[in-house]
Amino acid sequence: MLGVEGDGHARREAGRACGLALLLAGLPAALATLPGAAQAQGARFESLSPVGGQPDNPGIGQEPGQDGLPTLRRRPMDGPPRLGNGTSGETSGGESSGGLTSGGASLSGPTGAEAGASTFDTRVRSSGSRTGGATSGANNRAPISLLRQRAAPPRRQGTATRRLTQDVTQIPPPSLRLSPVIQNPVVGVPLPPEAPRPQGAGLPLINPLSGVLTPGALLANSLRRPLATDDAYAPLGLKLGSFTVLPSFTQSLGYDSNPDQTTPSLAKGSVALRSEGELNFRSDWSRSELAGELRAGYLETPQNEVASRPNAAGTVRLRIDANRDLRIDAETRFLVDTQRTGSPNLQAVTATNRPIVATYGGSLGATETFNRLSVSLRGSVDRSEFEDARLSDGTVISQADRNQNQYSMRLRTAYEVSPEISPFVELLADTRVYDLRRDASGLRRDSDGIAASVGATLNFTRSISGEISGGLQHRTYVDPALRGLDAPILAAALIWAASPLTTVRLNAQAGVTETTVPGSSGIRTQTATLEVQHDLLRNLSIIVGGAYLHNDYQGVSIRETGFSATARLDYRFNRWLTLRGTYLYQEINSSVATASFSDNTFLLGLRVSP
């Protein structure tokens, strides 16, 4: 027993001595590598793992290459292997073979004299971390493939999003797949983007320049089309080049109790056939705009051919955006209507036709904006022409003395207090020149006028929008027999969105219009229209409205008061077909016996909007 224990103790002592000898033998080689290690620490590349915050192995202990990218550090070629002789041998930690040792000893590569040996080394530092390197062997890759090794890129966090994004953007939910596709209609065509002007939409009531009043434009025509239509039933229009066009045609059949609009004793009812066409268009330009609305109609009364008559109205506007602050506006307009045979200006009850009145003209102006301040200057030219009247006995009543031209200049200065309110001051100067020097009564009716007004443009979103103004005007006449006129002026065009289903529209005007009544210098005229639209269903709308007219002939004792009421029902089958029913009541009471009348009209028709 003692012998065996002695032998074991001797073996352990021999092993310790052998290990100490090996450690001392490898100490010079370790000291030889210290300068290289110090140099590597000066150019060390490390990268932290984005997951655990620990150093990633591929980037530790590398040095910059010629191109600035990290490469593996080159090991200087030194002597023979630090450990072992390349053959079999024993160590305290295990066996060694082919120059590779096992156990806790360091690893070393072959010398530079060996074929295929690598010049890169893998080392264990005192901190326990290892540097990158490669082992030696005849089948290893060539060293050139390792010269451009780079540090591993940071790990990618998160999960793939392709499938989730595809599900959201490309695969609609079942509720959307079953819903009908509704195209957005072209809305607002052809209304201008700015707030509506008193005479910018619909039929003009009083020609602002020639001062011609046609009660038929106020009372005899049906109300304008509804302000808004549900998107699912609004017409889309036609795309023609860079223009969007909205044509429509309405054919109605009904009854008119007094198509002549004459005294009750001479009234003769008739079946009424009314045909009406509209053409609205607007450009789709990125800058500037060309838009217009044109309307023409004809009322046919087969049982009273004398009362058959046309009417038409239209406006075409061009806006040129010269630059950010300068805008140029051009406009052309026209109005065609007929005179009542019992009108105080005509007084031809026995006429066989209703004389046509036509007014047309144009305007050109510019608006310059200085921050919140804007200045507009606008010049206009208008002409009015009157057709002669023919009596039943063949006599012709000439109205050439009523033909005239008017030239005007308008200056407006506005200041934008807020996006909702912009007050303004406006000055207007005009002159009216008749074709004939004197009229049938021998009077010279050429005149000059000047007017001043103040007002505001309103744009309260989801509430009230439009424009309202008021002021005074003065008109002087060339003939001293005609007394000058001083009268208030009023212009209002307001739209009130009372609710998402109800819209109220108000238009009002007051001014001085022309007349050829002997002894009268002019007519003080006040007009107003009120319309209420309510959507009972998405495709069913009802419109009720009323109009008021008052004429006061200055210098004579002639007074006229007119009133009209209307109701219209629109049922839209789809975007292009609408069933329309209309009732219209008109009445004018005049101090001239032959000028008073009352009328009831019933119409039922179809409106096609391709």
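These notebook entries record what I looked up in a predicted model of one protein.

**Entry 1. Conventions**

I number residues from 1 along each chain as its sequence is written.

**Entry 2. Overall figures**

I began with the confidence, pLDDT being the predictor's confidence in each residue, from 0 to 100. The protein averages a pLDDT of 75, and 63% of the residues score at least 70.

I then took the secondary structure from DSSP runs, numbered from the N terminus, with helices as H or I of at least four residues and strands as E of at least two. The protein has 5 helices and 26 strands. Of contacts between residues at least 6 apart in sequence, 58% join residues at least 24 apart.

Buried means under 20% relative accessible area, exposed over 50%, and partly exposed in between. I find that 39% of the 610 residues count as buried. The accessible surface comes to about 32,900 Å², and carbon and sulfur atoms hold 60% of it.

I counted two strands as paired if DSSP finds at least two bridges between them. Strand β17 (residues 421–434) runs antiparallel to strand β18 (residues 447–459), and 12 bridges join them. In this pairing Ala429 stands opposite Ile450 of β18. On going to strand β19 (residues 464–477), I found 13 bridges to β18, again in the antiparallel sense. Here Gly449 faces Arg475 in β19. A hairpin is formed by β18 and β19 with 4 residues between them, and Arg462 in the turn has a positive phi of about 65°.

**Entry 3. Positive phi elsewhere**

Most residues other than glycine have a negative phi. Gln261 is not a glycine, yet has a positive phi of about 55°. I placed Gln261 in the loop between β7 (243–256) and β8 (270–283), and its relative accessible area of 4% makes it buried. Ser288, also not a glycine, has a positive phi of about 65°. Ser288 is in the loop between β8 and β9 (289–300) and is buried at a relative accessible area of 15%.

**Entry 4. Salt bridges**

I counted a salt bridge where a side-chain nitrogen of Lys or Arg is within 4 Å of a carboxyl oxygen of Asp or Glu. The structure holds 27 of them.

Which parts of the chain does the pair Arg340 and Glu560 tie together? Their side chains meet at 3.5 Å, N to O. Arg340 lies in the loop between β11 (326–338) and β12 (356–370) and Glu560 in strand β24 (residues 559–572), so the pair ties together parts 220 residues apart in sequence. Both Arg340 and Glu560 are buried.

Arg505 and Glu531 meet at 2.6 Å, N to O. This pair links strand β21 (residues 502–513), which holds Arg505, to strand β22 (residues 523–537), which holds Glu531, across 26 residues. Arg505 is buried at 10% relative accessibility, and Glu531 is buried at 6%.

Between Arg383 and Glu385 the closest N and O atoms are 2.9 Å apart. Arg383 is buried at 19%, whereas Glu385 is partly exposed at 31%. I also found a network of salt bridges linking Arg282, Glu289, Arg319 and Asp321.

**Entry 5. Leu326**

Leu326 is in strand β11 and is partly exposed, with a relative accessible area of 26%. I listed what Leu326 touches beyond four places in sequence: Ile320, Asp321, Ala366, Thr367 and Glu368. Leu326 and Glu368 are 42 residues apart in sequence, and their C-alpha atoms are 4.7 Å apart.

Trp496 lies in strand β20 (residues 485–499) and is partly exposed at 44%.

Definitions and conventions. Predicted model: local features only at pLDDT ≥ 70, side-chain atom pairs only at ≥ 80, totals over all residues. Heavy atoms only, no water. Buried < 20%, exposed > 50% of the residue type's maximum accessible area, 1.4 Å probe, protein only. Contact = heavy atoms within 4.5 Å. Areas by Shrake-Rupley, 256 points an atom, 1.4 Å probe, with all protein chains shown as cover.
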